[in-house]
Amino acid sequence: MNYVFEQKVKMVCGWDSVNQLPTLLKDEGFQRPLVVCDQVVRQMGLLERLERLLKEAGIEAVVFDQVQPDPPAPVIDAGAALCREQHCDCVVAVGGGSTIDTAKGINLLRANEGEILDYAGGKSYRPASGLISIPTTAGTGSELSNGMIVTDPDSAQKLAIIAYGDFTILDPALTATMPASLTVNTGLDVFSHAFEAYTSVLSNPMADAVCEKIMAEVYRWLPAAKADGADRTARQRMAVAASLGGWMLSNACAHVGHSLAHVLGAKFHMPHGLVCAYTLPVTMETIAPAVPEKVRYAGEVLGVQFAGTETPQEIGAMTAQAYRRFRDGLLDGKAVTFPIDADNIEALAEEVVTEAFVGLTPLKVDLPLAEQMLRHIF
C-alpha cells in the first residue's frame, strides 16, 4: 500500500519540556547518548545545561559539537566515527535544521557501514533507531520530516537522503533566544514547506488541511515572534507550525521552490529559509495555471481579496505580490542580492531540473522554464 499520511515520531511538547530528556532516555533504555550540536549551542550555555541534567540522572554523554551550516558530508562522517568509537547507543540532536540533519546522518551510520554519501543515491540501509531531536529554531521541521540534506563539498551540491527520527522534544523556550533575523529566515521557510507540500503532486486531502493551517499560523504569528522574542504564545505557535511543516514534507514533500533553493543555497552559502523566501513568489506564479484554486487559497491567507473573475495567471501574480509584501515587511525592506552573473543561469538551471524534488512540481519543469524562473528571481 502507498499510505499517504503517517507520523512516526513520538513527541514531547511544551515550555521547558527539554527537562524531560533524562526521563525519555531512561524510559527507552538508552545509557550513552551522543549529543550533537554546533558551537552556538555550546556558547549559549544550553549544552552545559543538558550535560548537567544528564549527569544528575546518572547518564554520561559524549559530545560532538562540530556541526556546520548546510552539513558537509565529512562532518557527518567524523561525527559517526566518534559515535562508533564511543559505543553510543543513541543520538541527541540539539540545534537547528543543520544540526538535526547532521544527527540523522550520524545515527544512520551508527547502524550501517560506510560514509554518508554512500546513501545519497538511494542505497538501502538497516533502520537506525535512537535519534532524539531537540530543535532550537522554528523553521526546517527536520525533527518530523522523513529526510535529511547533506552537502557534497566536491560538487557543491545538496543531496537528499531518506532518514527518520524517533523522538522529538519540542520546547518553544529554546527558540526564544533567536535573534529577529533568524526568527524571520526560519519562519519564512515554514511557509514554503506548507505551500509546496500543499501544491505538490503528492498532496492529499489530509495533508492539505494541515498545510492550510500552517500557512495561516505563520502569517498570523511570525510577525509577532519577530517583534517580541519573549512572546510565549507566538514562539509556541511558530514552533508547532515548524514541526507540522516538517511533517508535511514527509507526507507530501516539496517541489521546484526547494529545488531552486537547494541549488542556490549550496552555490552561494546563503541561509536556506532566506533563499526559499525568494524562490517562492516565482514558484507561485509558475504553478498557478496548474493549481489555481490552491494558489488562490494561499493568496487569501496572505490577505488578497479576489473578485472571482481572475485568470490563473492573475491569481498567481496577485498571490506572489502579497507574499512579497509579507516577506519584505519582515525583512524591513532589505533586498537580497544573489551573487551571480546572468551567464551562469544556464548551468544553474541544469542542476535545478535534476534536483530531487523538482519532479513533484504540479507541472513539468524543463530547462527553459528553470532558466525563466531563475531570471525572474535575479
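Contact means heavy atoms within 4.5 Å. The model described here is predicted: local features need pLDDT of at least 70, side-chain atom pairs count only at pLDDT 80 or more, and totals for chains, interfaces and linings use all residues. Residues are numbered from 1 along each chain as its sequence is written, and side-chain values use heavy atoms, with hydrogens and water left out.

Helices (H or I, at least four residues) and strands (E, at least two) are DSSP runs, numbered from the N terminus. Buried means under 20% relative accessible area, exposed over 50%, and partly exposed in between (1.4 Å probe, protein chains only).

Helix α12 covers residues 312-330 and has 19 residues. From first C-alpha to last, α12 reaches 27 Å. This is close to the 27 Å expected at 1.5 Å a residue; the expected span is 1.5 Å times one less than the number of residues. The buried residues of α12 are Ile315, Gly316, Thr319, Ala320, Ala322, Tyr323, Arg324, Phe326, Arg327 and Leu330. They pack against α6 (180-199), α7 (205-227), α10 (272-287), α11 (292-301) and α14 (367-377). Asp332 follows α12 and has a positive phi, near 55°.

Arg324 sits in α12. Arg324 counts as buried because its relative accessibility is 17%. Not counting residues up to four places away in sequence, Arg324 touches Pro281, Val282, Glu285 and His376.

Helix α10 is mostly covered, with 15 of its 16 residues buried. Its 16 residues should span 22 Å at 1.5 Å a residue, and the end C-alpha atoms are 21 Å apart, so the two values agree. The helix has a kink of about 30° at Thr279, shortly before the proline Pro281. The bend at a residue is the angle between axes fitted to the seven residues ending there and the seven starting there.

Two packed helices are described by the angle between their axes and the distance between the axes. The axes of α6 and α10 come within 8 Å and cross at roughly 30°. Axes are lines fitted to C-alpha atoms, for helices over the stretch in contact, and angles run from 0 to 180 degrees between N-to-C directions. The crossing of α6 and α10 is left-handed: the near helix is turned anticlockwise from the far one by less than a right angle. On the α6 side, the residues in contact are Asn185, Leu188, Asp189, Phe191, Ser192, His193, Phe195 and Thr199. They meet His272, Gly273, Leu274, Cys276, Ala277, Leu280, Met284 and Ile287 in α10. The contact residues divide into nine nonpolar, six polar and one charged. Ala, Val, Leu, Ile, Met, Phe, Trp, Tyr, Cys and Pro count as nonpolar, Asp, Glu, Lys and Arg as charged, and the others, Gly among them, as polar.

Ile377 lies in helix α14. Ile377 is buried, because its relative accessible area is 13%. Leaving aside neighbours within four places in sequence, Ile377 is in contact with Leu260, Tyr278, Thr279, Val282 and Phe338.

Leu360 is placed in the loop between α13 (345-352) and α14. At 17% relative accessible area, Leu360 is buried. Leaving aside neighbours within four places in sequence, its contacts are Ser200, Val201, Leu202, Cys253, Ala254 and His255. Leu360 and Ala197 are 163 residues apart in sequence and 9.3 Å apart in space, C-alpha to C-alpha.

Most residues other than glycine have a negative phi. Asp70 has a positive phi, near 45°. Asp70 is found in the loop between β3 (62-64) and α4 (73-85) and counts as buried, at 18% relative accessibility. His87 also has a positive phi, of about 55°, although it is not a glycine. His87 lies in the loop between α4 and β4 (90-95) and is exposed, with a relative accessible area of 64%.

Gly114 is in the loop between α5 (97-110) and β5 (131-135). Its relative accessible area is 38%, so Gly114 is partly exposed. Beyond neighbours within four places in sequence, Gly114 is in contact with Arg84 and Leu109.
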